[in-house]
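Subject: Structure handover, salt bridges

Hi,

My notes on its charged side-chain pairs follow below.

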Amino acid sequence: MFELEILGIVLAFIAIAIALILASGVRKVNQYEKGLVERWNAYEKTVDPGLRFIIPFVQRMFRVNMREQVIDVPPQEIITEDNVVVTIDAVIYYQVIDPRRALYEVEDFELAIVKLAQTTLRNIVGEMSLDVCLTSREKINVELRSVLDQATDKWGTKVNRIELQRIDPPADIQLAMHKQKTAEQERRQIRLLATGRKEASAQDKEGAILRAQGDKASAILKAEGEAKSIEVVAAAQSQAIKMVSEAANQYFKENAQLNKKLDVIRDTFAQQTKIVVPSSADILNVLGFEGTPLLPIKLEKKTETERSGQQRGQT
């Protein structure tokens, strides 16, 4: 009975051990990973994401991250072609394409790519002057990516892009560059100010010319208008005088002649002058006696005695 109990306990331990061993063979591969299975330390197969089972103590699994990853290249000092020391650091974005080669072709991929990037940066920047280096970030990125992509191809990875974070020259050169930039800005400002003043002066001159031309045209138009007005007024006055003259000749000529005759008659009779005229004279027309019968005036003959008495009385 005792032996049976011991046997049961042993079998239970064996079962538990087997269960634990079998449980240790269960592996989980995430969606962004690939699993590399080895049998007796030799590559056997690559498994996809999901729950996988390996034989404990016989097989083992390595999981490889297939997502795009970032490696920060530490800052390093590089001497340019014109013997200026610049500090450069970069960021590398890469992605594993072949998990088998990424695992078996290089021991430490991140360390290898960082060292390769630093060496390539020294070669590229060392052939450039400081000014070219500061203005050629894109060129450096393209050349560095080309070299790294070609070198890492056998490692089963792809370098998607490389970005230079900083290109820092020494402090004294930065100060000199700042002063140079400030002087250029001031010179450009002075040039722009002078150009603006020149253009403003030219515009003022052109405006004065246009104003003078406008005043001249206005004066000419005003003079022409005044001359036209005077001409129209003179023509109107001439027409009015002409009309008055024609009316006077038509309506007042006979009356004027009559008035002149009346003036002559008035002056004549004012002197008590006796005039003997024939019956057909124009004076009768003036006096209104035309066609009226006139009686002859009888003159009395005075005696000699009466005439002598009148002469004595006048004496």
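The whole structure was searched, and nine salt bridges turned up. The term means a side-chain nitrogen of Lys or Arg within 4 Å of a carboxyl oxygen of Asp or Glu.

Ground rules. This is a predicted model: local features need pLDDT of at least 70, side-chain atom pairs count only at pLDDT 80 or more, and totals for chains, interfaces and linings use all residues. Residues are numbered from 1 along each chain as its sequence is written, and side-chain values use heavy atoms, with hydrogens and water left out.

- Arg63 and Glu33. Their closest N and O atoms are 3.9 Å apart. The pair links distant parts of the chain, 30 residues apart: Arg63 sits in strand S5 (residues 59–65), Glu33 in strand S2 (residues 33–39). Strands are DSSP runs of E, at least two residues, numbered from the N terminus. Glu33 is buried at 11% relative accessibility. Arg63 is partly exposed at 49%. Cut-offs: buried is under 20% relative accessible area, exposed over 50%, partly exposed in between (1.4 Å probe, protein chains only).

- Arg39 and Glu44. Here the closest N and O atoms are 3.5 Å apart. Arg39 is partly exposed, with 33% relative accessible area. Glu44 is partly exposed too, at 33%.

- Arg166 and Asp168. This salt bridge spans 3.3 Å, N to O. Arg166 has 37% relative accessibility, so it counts as partly exposed. Asp168, at 25%, is also partly exposed. Shared partners join Asp89, Arg166 and Asp168 into one salt-bridge network.

Best wishes

How values were computed
Helices (H or I, at least four residues) and strands (E, at least two) are DSSP runs, numbered from the N terminus.
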